[in-house]
Amino acid sequence: MNGIKLVSQTGQIAYRGLRFTGDNLVKTAVIARFLAHEMEPPDPAVDTAVTPRNYSFVYDKTSDYNGLAAYVYCLKPRRKRKGLFEGELWLDAASAAPLRLWGDLIKSPSFFIRSFRFVEDYQRSKPVRLLVTVQTRLVGKAELAEWLHPIDGQGSLSAAQ
């Protein structure tokens, strides 16, 4: 599925689908539910932020990330709660800016979803790409790739990406 995510100045989110190939059940049961959930305002009672309150951070290693030295931290949720994940946080060794966050949800958001993995890449502390892989019980594997804030060399949004 290819599409465009539009965010208004007031923070409202809208999606425009450009192209879709594959099973329509995946489109309606998995992708549409994911996008609809993202468009809902966050529930203030549900705290899923990547903070020491929700996760334990354990230094794992120093690694190379696109030519940058990165510190890799393993994240483990302090409680098994909906919306929390187990994974890794990669930080730029020079600036401590996030480079990559990935993980697997520890609780499935639906009976129809076996596993849910995401990878979020950052550039200048802003998310630029989100990859989601969902293993469903009915139709198998579904993948979504979303470019959030493509940035060109001058730091402005680029229409070419």
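How many nonpolar, polar and charged residues does the lining of the second largest pocket have, by class? The lining has seven nonpolar, four polar and five charged residues, where Ala, Val, Leu, Ile, Met, Phe, Trp, Tyr, Cys and Pro count as nonpolar, Asp, Glu, Lys and Arg as charged, and the others, Gly among them, as polar.

The model is predicted: local features need pLDDT of at least 70 and side-chain atom pairs count only at pLDDT 80 or more, while totals for chains, interfaces and linings use all residues. Residues are numbered from 1 along each chain as its sequence is written, and side-chain values use heavy atoms, with hydrogens and water left out.

The protein has one helix and nine strands, arranged along the sequence as β-β-α-β-β-β-β-β-β-β. Helices (H or I, at least four residues) and strands (E, at least two) are DSSP runs, numbered from the N terminus. Of the 161 residues, 28% are buried; buried means under 20% relative accessible area, exposed over 50%, and partly exposed in between (1.4 Å probe, protein chains only). The protein exposes about 10,600 Å², of which carbon and sulfur atoms supply 54%; accessible areas come from the Shrake-Rupley method with a 1.4 Å probe, and for residues only the protein chains shown count as cover. Among contacts (heavy atoms within 4.5 Å) with a separation of 6 or more, 29% join residues 24 or more positions apart.

The second largest pocket holds about 230 Å³ of space. Tyr65, Leu68, Leu99, Tyr122 and Gln123 are the closest to its centre among the 16 lining residues. A pocket is defined on a 1 Å grid over the protein atoms alone, as an open set of points where a 1.4 Å probe fits, with protein on both sides within 12 Å along at least five of seven lines; lining residues have an atom within 4 Å of a point. Grid points are joined across faces, edges and corners, and the volume is the space filled by probe spheres set on the points. At least two lining residues come from each of strands S6 (98–105), S7 (113–123) and S8 (126–136).

The largest nonpolar core contains 16 residues, and those with the most contacts inside it are Leu75, Phe85, Leu101, Phe116, Phe118 and Val132. Such a core is a set of buried Ala, Val, Leu, Ile, Met, Phe, Trp, Tyr and Cys residues joined through side-chain atoms within 4.5 Å. Strand S5 (85–92), S7 and S8 each give two or more residues to this core, and S7 provides the largest share, four residues. Beyond its neighbours within four places in sequence, Phe85 is in contact with residues including Val50, Tyr55, Leu75, Leu101, Trp102 and Phe118. A second, separate core of five residues includes Ala70, Val72, Trp90 and Leu99.

Lys76 lies in strand S4 (residues 68–77) and is partly exposed, with a relative accessible area of 44%. Not counting residues up to four places away in sequence, Lys76 touches Asn54, Tyr55, Ser56 and Glu86. The C-alpha atoms of Lys76 and Gly103, 27 residues apart along the chain, are separated by 9.7 Å.

Several loop residues were also examined. Ala96, in the loop between S5 and S6, has a positive phi near 65° although not a glycine. Ser125, in the loop between S7 and S8, likewise has a positive phi, of about 65°, and is partly exposed at 43% relative accessibility. Phe112 is found in the loop between S6 and S7 and is partly exposed at 38%.
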